[in-house]
Amino acid sequence: MSQAKTDLFDSELQELAQLFKALGHPARLQILKFLGSRDTCFSGDITEIVPLGRTTVNQHIAELKKAGLIKGSVQGSKTNYCLNPDGIDKLNKLGVDFCSGFECANNCQPKEC
């Protein structure tokens, strides 16, 4: 049986790559930004705030849910969407830890290559 190339990397890098992949589209960033700007969950159609078709928006929502960054619950004919605090905390921690490992993290000056 063959091994996936991503399996050659440590689990933290794999997890971070999955989170970054989930952030890899402007529509997903807009959804996260919108949900993060609210004090409560959003009950309604997210296509109202994303300029894409319903099916496409639903695919982006599914990617964010798969990554653990948002959660949704159906109540009647509406779905309530919220940021998932655990997923956002994980993204923040892994992202900060990753970037703080860069040599010039606090005082970057361009170097000649």
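## An exposed residue and its patch

Leu8 is exposed, because its relative accessible area is 59%, where exposed means over 50%, buried means under 20% and partly exposed lies in between, with a 1.4 Å probe and protein chains only. This is a predicted model, in which local features need pLDDT of at least 70 and side-chain atom pairs count only at pLDDT 80 or more, while totals for chains, interfaces and linings use all residues. Residues are numbered from 1 along each chain as its sequence is written, and side-chain values use heavy atoms, with hydrogens and water left out.

**Surface**

- Leu8 lies in the segment before helix 1 (11-22), and helices (H or I, at least four residues) and strands (E, at least two) are DSSP runs numbered from the N terminus.
- Together with Phe9, Leu13, Phe20, Phe98 and Phe102, Leu8 makes a nonpolar surface patch of about 590 Å².
- Patches consist of residues with over 30% relative accessible area and no salt bridge, where like charges are joined within 9 Å and nonpolar side chains (Val, Leu, Ile, Met, Phe, Trp, Tyr) within 5 Å; a salt bridge is a side-chain nitrogen of Lys or Arg within 4 Å of a carboxyl oxygen of Asp or Glu.
- The protein chain exposes about 8,200 Å², of which carbon and sulfur atoms supply 53%, and accessible areas come from the Shrake-Rupley method with a 1.4 Å probe, where for residues only the protein chains shown count as cover.

**Overall build**

- The protein chain has four helices and three strands, and from the N terminus on its elements follow the order α-α-β-α-β-β-α.
- Of the 113 residues in the protein chain, 27% count as buried.

**Strand pairing**

- Strand 1 (residues 42-43) and strand 3 run antiparallel and are joined by two bridges, and Phe42 stands opposite Tyr81 in strand 3; two strands pair if DSSP finds at least two bridges between them.
- Strand 2 (residues 70-75) also pairs with strand 3 in the antiparallel sense, over six bridges, and Ser73 has Asn80 in strand 3 as its bridge partner.
- Strand 2 and strand 3 form a hairpin with two residues between them, and Gly76 in the turn has a positive phi of about 70 degrees.

**A buried loop residue**

- Asn84 is placed in the loop between strand 3 (78-83) and helix 4 (85-100), and Asn84 is buried because its relative accessible area is 17%.
- Leaving aside residues up to four places away in sequence, Asn84 touches Gly68, Leu69, Ile70 and Lys71, where contact means heavy atoms within 4.5 Å.
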